[in-house]
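I am opening a notebook page for this structure, and I want to write down what I look up as I go.

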Amino acid sequence: MERPAPAPRSRGHVGTRPPTYDAEPTALPAADPDDLDDLVADTVLDGARYGSCTLRAVSVRGDSARYRGEPRRDALLTARFGTGEHALLLVAMATGARATPGAHRAAAEACHWIGRAVGRSHARLVEDIRDGRRGDLKSGLHRLTDRSLGKLRASASEQGVDPGEYAASLRCLLLSADPGCRTRVFFGVGPGGLFRLREGEWQDIEPQAAEAKGEPVLGFGSPPPETPEGDRLTMDLGIPTPPSPYEPAPEPPREPFRFRTSVARPGDTLLMCSAGLADPLRGEPELGEYLAERWSRPEPPGLAAFLADSQVRVKGYADDRTAAAVWEA
């Protein structure tokens, strides 16, 4: 009896040249003996199987942070709310602002706030997902996201930190544990990627932010050279206008809310990831080809194999990588 051929081993990198940094962690972040809870592990790995789907999730410190002894700016939260077929699975990932001391704390807080919000509303969310109430889901999750990121801004104010620095992108995936429900819900704010692997080919299904439509108007977009009455507009000399004492100063622009529902087919693999993996997937075709071959097999990878696949490196991309993939039976 012939033994089946072993699966090829995971590769260390793709592309024409190896990355600059070492493949393994080098320096540990500095620790405060009075605040050891602030330490962040280099790698977090998780997984589960519910209903018709198998989940794998990972967050790995990037090559650059490993070399410099900086903490992982990405945070990952996986949680189950409820029991049986009425359970709701949440995967949340966040990335703190670059080159800020508390980036890892902001990312962790963003995940915890959205986790609390979803957990307290999970019964209603499960019903909306199973019944296909897309409009209710979009508006409800938008409110929960705004509320969670608002708490993050409030936390920044309490610490006396600039809210622009104590901030994070946030991406979330909701899965029903009901085997008969194949609706997958994505929502979030900020950069990253949402991809679907179907019949061996990657599809980039990242929802685009809404764009402004129509003609430019005063105070929004590019102003016309004159008013409808023929009056010429004052030239903009780049001098900032002081805020009116009668109106609050405008807040800095916020990232648009992104939302998508997707009905999975048997054999699909859905991938949600931070920019640390989305950017090389979009920029290096060989990485997409490699992961498509690895993740199109009949059985989902185990935790160790998923970890190895998700950290295949590409020269020029050294940020943290956080990814959650869902295989459909």
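My entries below go from the whole chain to one strand and then to charged pairs.

**Ground rules.** I am working with a predicted model, in which local features need pLDDT of at least 70 and side-chain atom pairs count only at pLDDT 80 or more, while totals for chains, interfaces and linings use all residues. Residues are numbered from 1 along each chain as its sequence is written, and side-chain values use heavy atoms, with hydrogens and water left out.

**Whole chain.** I looked up the secondary structure and found 7 helices and 13 strands; helices (H or I, at least four residues) and strands (E, at least two) are DSSP runs, numbered from the N terminus. Of the 329 residues in the protein chain, 43% are buried, where buried means under 20% relative accessible area, exposed over 50%, and partly exposed in between (1.4 Å probe, protein chains only).

**Strand 8.** I asked how many of the 6 residues of strand 8 are buried. The count is 6 of the 6 for residues 193-198, so the strand is largely enclosed by the rest of the structure. In a regular strand the side chains alternate between the two faces of the sheet. Here I noted G193, F195 and L197 on one side, with L194, R196 and R198 on the other, and all are buried.

Next I looked up its partners, keeping in mind that two strands pair if DSSP finds at least two bridges between them. Strand 11 (residues 269-273) runs antiparallel to strand 8 and is joined to it by 5 bridges, with C273 as the bridge partner of G193. Strand 9 (residues 201-204) also pairs with strand 8 in the antiparallel sense, over 4 bridges, and there Q203 stands opposite R196. Strands 8 and 9 form a hairpin with 2 residues between them, and E199 in the turn has a positive phi of about 55°.

**Charged pairs.** My search of the whole structure gave 20 salt bridges, each being a side-chain nitrogen of Lys or Arg within 4 Å of a carboxyl oxygen of Asp or Glu. One of them joins the side chains of R66 and D42 (2.8 Å, N to O). R66 lies in helix 1 (residues 63-68) and D42 in the loop between strand 1 (13-14) and strand 2 (43-50), so the pair ties together parts that are 24 residues apart in sequence. Both R66 and D42 are buried.

I also noted E328 and R184, whose side chains meet at 2.8 Å, N to O. This pair links distant parts of the chain, strand 13 (residues 321-328) and strand 7 (residues 183-189), 144 residues apart.
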